[in-house]
Amino acid sequence: MQQNQNSNKVAETAAPRRVISLLVDNHNGVLARVSSLFCRRGFNIDSLTVSATNDPAVSRITVTLHGDDAAISQLILQTERLEVTRQVFELTPDKSLQRELLLLKVACNTAERAEMREIATIYKSKIIDLSPDSMVFELTGRPEKINAFLKMFSGYDILELCRTGITALERGGKHPHMQKPPQEVRAAQLPLPGTHCPQDEE
């Protein structure tokens with residue numbers, strides 16, 4: 001049993017990072033239903049962000065996880081069947097803008113501040129708090145930039161850090177999957193007469 005669990009962890013680590021964007025109804029309990037479905041399908045969510053959109057009735061959920069093409073396709077198909085889902089699609093790095101926000105508090109003395117300021121300048125990070133024994137940095141950028149910035153501080157005493165997780169939008173104008181009218185989406189989610197089509201079963 002332990003051997004199988006270890007092999008699953010290795011497979012998950014080897015799978016590429018994927019970013020899934022969902023447009024959902026802005027109702028209570030929607031986030032719980034979506035995250036529960038992802039967990040039941042065996043996905044470990046790396047990060048999850050929820051944000052408002054230009055439509056008050058719609059929220060955007062951005063989920064980061066690892067999985068191969070077959071697993072992600074099945075996950076998207078299952079998520080589309082939830083009646084609270086309006087659109088669900090994958091955001092690829094070359095066709096989307098992906099950003100994270102990092103807040104990093106680092107212990108420092110007077111001698112270390114100049115070094116830390118230099119790192120912050122190189123990465124275009126803001127110093128948003130300064131006290132006699134610590135500094136707090138704010139950095140926005142791609143996950144790879146956040147990781148590189150944190151690596152530069154690995155030799156210092158990191159007191160606290162907080163990462164928001166990825167939020168993302170596609171490049172360019174309105175894409176085909178965004179042009180599907182709501183009534184067409186709803187029709188695809190409804191079962192045919194005389195058939196049983198549970199919305200969020202496995």
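Me: Which backbone nitrogen does a side-chain oxygen of Asn109 reach at the start of helix 4?

Reply: That of Ala111: the side-chain oxygen of Asn109 comes to within 3.1 Å of this backbone nitrogen. Please keep in mind that the model is predicted.

Me: Why is Asp25 called buried?

Reply: Compare the value with the cut-off: buried means under 20% relative accessible area. Asp25 has 9% relative accessibility, so it counts as buried. You can find Asp25 in strand 1 (residues 17-25). Between Asp25 and Glu83 there are 8.8 Å in space, C-alpha to C-alpha, although the two are 58 residues apart in sequence.

Me: Why is Arg33 called partly exposed?

Reply: The label partly exposed is for values between the buried limit of 20% and the exposed limit of 50%. Arg33 has a relative accessible area of 25%, so it is partly exposed. Arg33 belongs to helix 2 (residues 30-40).

Me: What makes the link between the side chains of Ser59 and Asn26 a polar contact?

Reply: One part of the test is distance, with N or O atoms within 3.5 Å. The side chains of Ser59 and Asn26 are joined by a polar contact of 3.3 Å. Leaving out residues up to four places away in sequence, Ser59 also touches others, including Leu22, Val24 and Val50.

Me: Why is the pair of Phe137 and Phe149 called edge-to-face?

Reply: A search of the whole structure turns up five aromatic pairs. For Phe137 and Phe149, the ring centres are 6.2 Å apart and the planes stand at 75°, so the pair is edge-to-face. The cut-offs behind that are centres within 6.5 Å and planes over 60 degrees apart. Phe137 is in strand 7 and Phe149 in helix 5, so the pair ties together parts twelve residues apart in sequence.

Me: Why is the pair of Phe137 and Phe153 called tilted?

Reply: Planes under 30 degrees apart would count as stacked and those over 60 as edge-to-face, while the rest are tilted. For Phe137 and Phe153 the angle is 50°, with the centres 5.1 Å apart, and the pair is tilted. Phe153 lies in the loop between helix 5 and strand 8 (157-163), 16 residues from Phe137. Phe137 is buried, with a relative accessible area of 0%, and Phe153 is buried with 0%. Ring pairs join Tyr123, Phe137, Phe149, Phe153 and Tyr156 into a cluster.

Me: Which residues have the most contacts inside the largest nonpolar core?

Reply: They are Leu22, Val34, Phe38 and Leu65, in a core of 17 residues. Strand 1, helix 2, strand 3 and helix 3 (69-80) each give two or more residues to this core, and helix 2 gives the most, with four. Apart from neighbours within four places in sequence, Val34 is in contact with Leu22, Ile61 and Leu82. A second, separate core has 16 residues, among them Leu102, Leu104, Met135 and Phe137.

Conventions. Residues numbered from 1 in each chain as written. Predicted model: local features only at pLDDT ≥ 70, side-chain atom pairs only at ≥ 80, totals over all residues. Heavy atoms only, no water. Buried < 20%, exposed > 50% of the residue type's maximum accessible area, 1.4 Å probe, protein only. Polar contact = N/O pair within 3.5 Å; in protein donor to acceptor, adjacent residues only side chain to side chain. Phe/Tyr/Trp six-rings, centres within 6.5 Å; stacked < 30°, edge-to-face > 60°. Contact = heavy atoms within 4.5 Å. Core = buried A, V, L, I, M, F, W, Y, C linked by side-chain atoms within 4.5 Å.
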